[in-house]
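Reader: Could you take me closely through chain B, looking at what touches chain A and at how the domains of chain B meet?

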Amino acid sequence: MWYIWDLSILLSALSLVIMLVLIARRLLQERWARAAADQRRQLLTALIAFTENRDREALKATVLAVPAGVAIDAGFEFISLLRGEERDDVLVAFNECGLPARVARQLRKGNVAERIHAAEMLAALGWEDASASLLAALTQDRSREVRIAAAIALCDLGSLPLLGTALDFIGVAGQRSRRLIELFRRFPRSRFNELAVHASRVDASPFIRAAAIDALAHAGGFGFADFFAGLTGDAAPEVVAAALRALGLTGHAEAPAILKRAMANDDWDVRAAAAESAGRLGLPELAAPLSRLMDDEVWTVRYAAANALRSFGQPGERLLREIASAEVSRSQRTASLILAEGPVL
Amino acid sequence: MIADWSHEVVLAATILSLFIIGAGLAQTTIYLLQLVVAGYALSERPPVARSALLWQRYGDVAPPIALLVPAYNEALNVVESVHSMLALEYPNFEVVVINDGSKDETLQRLVDAFKLVKFQRPFEEALAHQPIRGLYSSPMTERLFVVDKENGGKADAQNAGINVCRAPLFCVIDGDSILEPDALMRAAQPFIDDPERTIAVGGTIRIANGSKIEAGRVREIHLPRRLLPLFQVVEYLRAFLMARLAWSSINTLMLVSGAFGMFRRAEVVAVGGFTKGSMGEDLDLVIKLHRHMRDKKRKYRIQFIPEPVCWTEAPESLSVLARQRSRWQRGALECFFRYRNMLFNPRYGRVGFLGFGHILIVDVLGPVAEVMGYILIPAFWLLGILSAEYLLAFTALIFTYGVCVSVCSLILEEAELQRFPRARDLAVLTAAAVIENFGYRQLNNFWRVKGWWQYLRGNQGWGEMTRTGLGAAKK
């Protein structure tokens with residue numbers, strides 16, 4: 001029993017001492033924060049002046065006079081507001097002051113949040129060794145979020161390794177992140193085939209494959225329509241749904257047959273995607289299967305089907321009215337709800 | 001003196017004392033372990049300081065979110081609250097206010113302020129709730145929807161909101177709370193980083209009493225000027241930064257606060273939404289989610305992240321606080337006994353052992369054992385039945401370990417997050433962390449035992465929650 005008492009006194013005293021140290025540290029930080037705010041103001045003033053007079057030496061003198069952390073933070077914020085020649089000139093000054101090397105150090109030594117930010121900054125700073133630093137982060141960093149940030153930065157710099165290799169470095173857990181959608185959307189057109197290869201890999205996660213299909217559909221255009229049509233027969237429902245939505249964007253000669261088949265799929269997400277794409281492509285020949293889908297057990301499918309019919313214009317609306325005035329059923333209720341959507345007059 | 005008492009009396013007193021001390025020791029051990037785990041979790045995942053960076057990073061891939069705001073007799077603040085919610089920094093969200101049959105002018109104030117018109121919106125009747133009288137949209141902003149329904153309580157209103165909303169994620173928030181502008185973006189982060197497994201995320205609730213509030217935003221952070229809300233600041237720090245963070249890091253989080261939590265709609269619909277009439281509808285929902293996902297053998301994450309902040313008003317009077325704490329206690333007991341088959345059930349893994357074990361020790365046994373200890377252990381010692389070492393052990397567990405745990409929570413906050421703006425605030429909070437163990441803690445346990453008693457008697461009333469309004473009284 002005495003141990004409980006003794007240990008409690010020791011732990012409480014220790015916690016109070018640590019807290020007092022932290023309060024003292026905070027007092028010092030308050031002083032430093034005031035100084036940092038002044039320095040930040042000083043640097044931003046110099047940067048604004050530089051955009052007017054292009055006096056690089058004056059800017060470099062100010063950059064070197066403030067602590068590197070302040071220069072990196074305020075500098076990165078400022079260059080994100082600039083474009084073109086003005087931005088290039090500021091970047092040259094930053095490079096001559098050695099700021100990117102400091103950022104590269106932050107990419108190696110900072111905490112997770114700092115390392116992610118450093119990867120983003122390196123992509124923007126136009127430094128010649130940026131790719132090497134980012135590649136090291138992609139291959140060696142222990143945080144998957146940092147590795148994803150490094151991959152996105154490398155993609156922006158046009159130095160991303162082969163997609164398969166990059167994803168291997170990111171790791172299986174990282175391949176569940178929606179950040180990869182961002183990576184795929186930034187992919188250069190010249191490397192779309194890599195996305196296509198990855199989208200067709202049956203051993204890859206359906207989430208990633210669907211993201212690759214989505215990126216290709218938005219940027220690749222009709223050139224990939226056959227590819228999407230082929231993927232509608234895939235075993236993974238998530239991939240099939242993504243391929244159907246992609247077809248809804250690009251269109252395809254076989255689209256009516258493919259969509260009709262998909263409307264009978266066991267997976268509700270696939271049926272909803274098929275209905276959505278039928279509406280987007282405006283295929284009135286699919287009115288009959290769509291009206292059958294309005295009796296689907298899943299609301300999302302019924303809603304997508306009714307919306308698709310509505311998007312066909314007057315013929316679709318006529319069909320919806322017919323269904324709405326029929327006997328009470330799921331289809332009838334869905335049709336009534338869709339027709340009533342909007343302000344109550 | 002011990003010899004004066006019969007052996008049986010001494011034995012009974014010793015066993016009882018050992019039970020009381022054992023319960024306290026178990027609780028303290030849990031707290032200390034939570035501190036270690038939370039400290040590790042925070043150091044592994046330092047916060048992103050600037051919200052502009054988050055927008056740049058996640059803006060394009062952020063999923064749509066519906067913000068569900070149940071409102072009952074909130075005429076005083078509702079317009080200002082909705083304005084502040086509409087101004088949140090998130091690329092794709094809608095605000096669904098659910099007027100839960102208010103008896104005051106809540107709906108009319110909204111109609112007037114946002115020129116609301118009746119609107120038909122098709123939605124799935126996935127969850128049962130009281131009838132909806134009308135849906136309203138605003139020509140001023142397409143982000144706002146108002147559901148006017150018959151009164152059915154908070155859970156019922158939230159279920160109606162879940163039905164009406166279309167986003168795959170929804171965020172519940174109390175009508176009188178204030179979200180930080182970047183709170184949605186920060187809370188959505190786990191849904192972006194791990195969209196397949198993340199099904200719920202809770203953020204931090206902070207106490208706004210004393211802070212300067214303008215136009216539905218917290219402009220300047222100050223500590224409460226009154227002692228009661230000040231103690232609650234320390235309490236909330238302990239609850240959120242220590243307990244929830246620790247459980248979250250081992251995927252055993254049992255509570256996502258109903259005042260600010262984000263959920264994946266599909267899973268919430270699958271478990272039947274919020275349980276109507278429950279005293280702890282937020283705890284109940286999270287337990288149901290755990291049970292559902294484990295029954296289905298699906299991988300999932302229910303997370304707490306400390307950065308997104310929702311400000312709320314803490315009770316300033318003893319009577320209101322007493323009612324709130326008794327209600328919370330009844331909620332915990334109700335959920336514990338409703339889902340008791342999950343306790344130590346191997347089918348539910350760490351949720352059954354750690355999560356339910358924690359509720360058993362801290363919420364079910366804890367207050368009773370502690371209040372018994374306040375009365376019995378000093379009495380046994382005064383009567384000469386027990387030696388002083390029992391009294392000292394009990395004192396250590398209640399007071400000195402209490403100080404240690406509270407101060408350590410503050411250390412975590414300061415070491416990793418630094419959200420209190422001034423060194424003076426830290427000094428005041430440190431003093432509060434010490435003082436709260438001498439009086440406030442005992443009072444709290446008394447209210448919790450009262451909650452136990454009310455639970456046993458089947459008292460299901462919520463009690464009146466008198467609020468002064470965040471925007472009104474504390475500018």
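Author: What follows treats the contact between the chains and then the contact between the domains.

This is a predicted model, in which local features need pLDDT of at least 70 and side-chain atom pairs count only at pLDDT 80 or more, while totals for chains, interfaces and linings use all residues. Residues are numbered from 1 along each chain as its sequence is written, and chains are lettered from A and ligands numbered from 1 in the order in which they are written.

Counting two residues as in contact if their C-beta atoms, placed from the backbone, lie within 7 Å, the contact between the chains takes 39 residues from chain B and 38 residues from chain A. On the side of chain B that touches chain A, two or more residues come from each of strand S3 (117-120), helix H6 (183-193), helix H12 (388-417) and helix H13 (423-435), these being DSSP runs numbered from the N terminus (helices H or I, at least four residues; strands E, at least two). H12(B) gives the largest share of that side, 16 residues. Strand S1 (residues 342-343) of chain A runs antiparallel to S3(B), joined to it by two bridges, where strands pair if DSSP finds at least two bridges between them; Phe119(B) is the bridge partner of Pro343(A).

Within chain B, an automatic or database assignment sets the domain bounds, giving domain 1 (2-42 + 351-459) and domain 2 (49-347). Their C-alpha centres lie 30 Å apart, and 39 residues of domain 1 are in contact with 36 residues of domain 2. The largest share of the domain 1 side, ten residues, comes from H11(B).
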